[in-house]
Structures are given as C-alpha cells and as structure tokens.
Amino acid sequence: MKAIIMAAGVGSRISRHVDKPKCLLEIEGKSIIRRTVEMLLQNTIQPIVVVGYQHQQIENNLLDLPVPTLYNPFFRVTNSLGSLWFAKDYISDGEDLLLMNADVFWEQDIMKIILEENKEALLLADSSLVRLNEGDYFFGCKENKIVKYGKDLAREIRTHEYVGICKIQRSFLKYFKAMMEKLIEAEEYGCWWEDILYRCSADKDVFVRDVAGHFWAEVDYIEDYERIMDFVWKRKELQLQQLRNKK
C-alpha cells in the first residue's frame with residue numbers, strides 16, 4: 001500500500017503565528033509530518049509527500065527517511081487537486097491507497113481502524129458533539145454513506161466532521177482516477193483532492209468511518225496546535241501517575 005501526503009499548502013490561517021509549513025510544528029520533538037511518515041513506514045506503507053510552500057524545509061526534515069518528495073511549483077494557484085496530479089504516477093491499480101493532509105495529528109489507534117476497513121472508498125470522520133458544533137468541514141451521512149458535505153452545512157444536517165484521511169481500495173481506483181482526470185481537464189484547479197470523492201459519491205457509495213473517542217487534530221489555527229500539546233501533556237501526566245501508583 002502507498003500513502004500520498006499533501007504538504008504543499010501555505011496554511012494562511014496560521015501563518016501569522018508560525019514562519020514555516022504548519023506540518024513542521026513539533027510534537028514531542030518531532031514534526032507532525034515526520035510522525036505521520038514514520039508511522040506509515042512502521043506499518044509497511046510507502047509514503048509519498050507532495051510539497052510546495054517552503055518545500056526545502058519539509059524535504060530537509062524528512063531527508064533521512066525513505067520517502068520520495070514531489071514538488072508542486074503551482075501551490076499558490078492550485079488547491080490540493082493540483083498536488084495530487086503531480087503524484088498520479090504513484091497511484092497503481094494493483095494496490096490500495098491512503099490519501100491524507102500533512103497537517104493532521106493522528107496516531108496508531110486511528111491507523112489500526114483505517115487499515116481494518118474494507119470499504120471501497122472510505123473517509124475518516126468524527127461524530128462527537130463538539131466536532132459537530134465547532135468543526136471546519138462537515139458531512140451529512142445516511143447509513144454511513146456521504147449524502148451532503150460542506151463547510152457551511154446546516155447544523156441539523158451535520159452527522160460528522162471530516163478528519164483529513166481516506167482509504168481507497170484498488171477496485172475503486174479506476175473511478176477515482178477517471179474523476180481526477182475529468183476535474184483536471186475541466187481546469188477545476190481550485191478543487192481539493194477530496195472533491196474527487198465527493199463528485200464520485202453522486203454515483204458510487206463513499207463511506208465514512210467514525211473515529212469519535214479517538215484523539216486527532218487538523219492544524220488550521222494556533223489553537224489546534226495548542227490542543228494537541230495539551231492532549232500530549234495530559235497523557236504524559238497520566239502515564240507518570242500510573243508509574244507512581246505501581247511503585
């Protein structure tokens with residue numbers, strides 16, 4: 001299995017707080033993207049990273065790892081659909097594919113969930129009440145299938161917040177690639193890579209897997225990063241307390 005990681009964006013919403021790609025923000029001494037790449041490798045998945053904004057910093061951060069990087073020089077005028085196009089030669093009909101955004105903090109518990117799923121096209125999402133009230137991009141699902149989607153989805157329609165990670169089985173890839181090519185030919189460069197699956201959902205089932213109860217965070221704002229740091233600190237404190245209790 002391969003995993004394509006989108007890391008080309010500028011991250012304008014957090015840029016006044018950081019002067020580097022947001023995927024390079026560190027958690028316990030490692031950047032978010034390096035944590036993801038190492039986790040993929042540990043699960044025998046080959047990562048491919050598409051870079052753009054300040055690409056040298058990301059490339060240097062991953063220099064000692066066996067991960068190819070692809071440069072999207074048009075990162076300021078395309079969304080992530082353009083980045084995926086640069087990685088199209090890594091999409092093989094003979095193997096399943098993971099796609100993800102580089103600014104998502106997630107760990108092995110969620111990795112285990114997605115690897116165990118066997119739906120043809122699957123997006124991770126979170127049905128937690130706080131996510132539905134305060135999230136960024138939403139799904140409206142029926143029988144765990146995407147019916148509605150959008151940033152401004154009415155509250156009464158929302159069933160999940162999107163996480164930023166998906167899995168596509170090899171049997172679905174011909175539909176996925178055909179829709180990607182259709183969007184590119186139509187010059188819809190403002191689309192995100194996820195728009196391929198959203199368009200596919202009009203004719204094919206695209207499923208959602210709920211990860212409510214598992215910690216994850218997409219870093220759009222500095223508050224998202226602070227929430228990760230708070231989670232990690234509390235986990236460390238709990239682990240230390242458990243060690244003290246054993247003594």
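1. Let's start with Lys 88, which comes out as partly exposed because its relative accessibility is 31%. The scale works like this: buried means under 20% relative accessible area, exposed means over 50%, and partly exposed is in between, using a 1.4 Å probe and protein chains only. You'll find Lys 88 in the loop between α3 and β6. Its C-alpha atom is 11 Å from that of Ala 178, although the two residues are 90 apart along the chain.

2. A word on what you're looking at. This is a predicted model, where local features need pLDDT of at least 70 and side-chain atom pairs count only at pLDDT 80 or more, while totals for chains, interfaces and linings use all residues. Residues are numbered from 1 along each chain as its sequence is written, and side-chain values use heavy atoms, with hydrogens and water left out.

3. Now have a look at helix α6, residues 173-185. From first C-alpha to last, its 13 residues reach 18 Å, close to the 18 Å expected at 1.5 Å a residue; the expected span is 1.5 Å times one less than the number of residues. Just after α6, Glu 187 takes a positive phi of about 60 degrees.

4. Which residues of α6 are buried? They are Leu 173, Phe 176, Lys 177, Met 179, Met 180, Leu 183 and Ile 184. These sit on the same side of α6, because they cover an arc of only 160 degrees around the axis; the arc is that of the directions from the helix axis to the C-beta atoms. Here's a handy rule: an α-helix has 3.6 residues a turn, so residues three or four places apart point the same way. On the other side of α6, Lys 174, Lys 182 and Glu 185 are exposed.

5. What do the buried residues of α6 pack against? Their partners are α3 (80-86), β6 (97-101), β11 (160-168) and α7 (194-200). Take Phe 176: leaving aside neighbours within four places in sequence, Phe 176 is in contact (heavy atoms within 4.5 Å) with Leu 84, Ile 91, Leu 99, Ile 168, Ile 196, Leu 197 and Cys 200.

6. On to the cores. A nonpolar core is a set of buried Ala, Val, Leu, Ile, Met, Phe, Trp, Tyr and Cys residues joined through side-chain atoms within 4.5 Å. The largest one has 36 residues, and those with the most contacts inside it are Leu 84, Leu 99, Phe 139, Phe 176 and Leu 197. Helix α6 gives the most to this core, with six residues. Another core lies apart from it, with 32 residues, among them Val 37, Met 39, Leu 98 and Trp 216.

7. Strand β9 (residues 138-142) is worth a look too. Four of its five residues are buried, so β9 is largely enclosed by the rest of the structure. β9 pairs with strand β10 (residues 145-150) in the antiparallel sense over five bridges; two strands pair if DSSP finds at least two bridges between them. Lys 142 stands opposite Lys 145 in β10. The hairpin of β9 and β10 has two residues between the strands, and Glu 143 there takes a positive phi near 55 degrees. β9 also pairs with β11, antiparallel again, over two bridges, and Phe 139 has His 160 in β11 as its bridge partner.

8. Last, the charges. How many salt bridges does the structure hold? There are 22, a salt bridge being a side-chain nitrogen of Lys or Arg within 4 Å of a carboxyl oxygen of Asp or Glu. In one of them, the side chains of Lys 22 and Asp 103 meet at 2.8 Å, N to O. That pair links distant parts of the chain, 81 residues apart, with Lys 22 in the loop between β1 (2-7) and β2 (26-27) and Asp 103 in the loop between β6 and β7 (104-105). Lys 22 is buried, at 15% relative accessible area, and Asp 103 counts as buried at 8%.

9. Compare the salt bridge of Arg 34 and Asp 64, at 2.9 Å, N to O. Here Arg 34 counts as buried at 14% relative accessibility, whereas Asp 64 counts as exposed at 56%.
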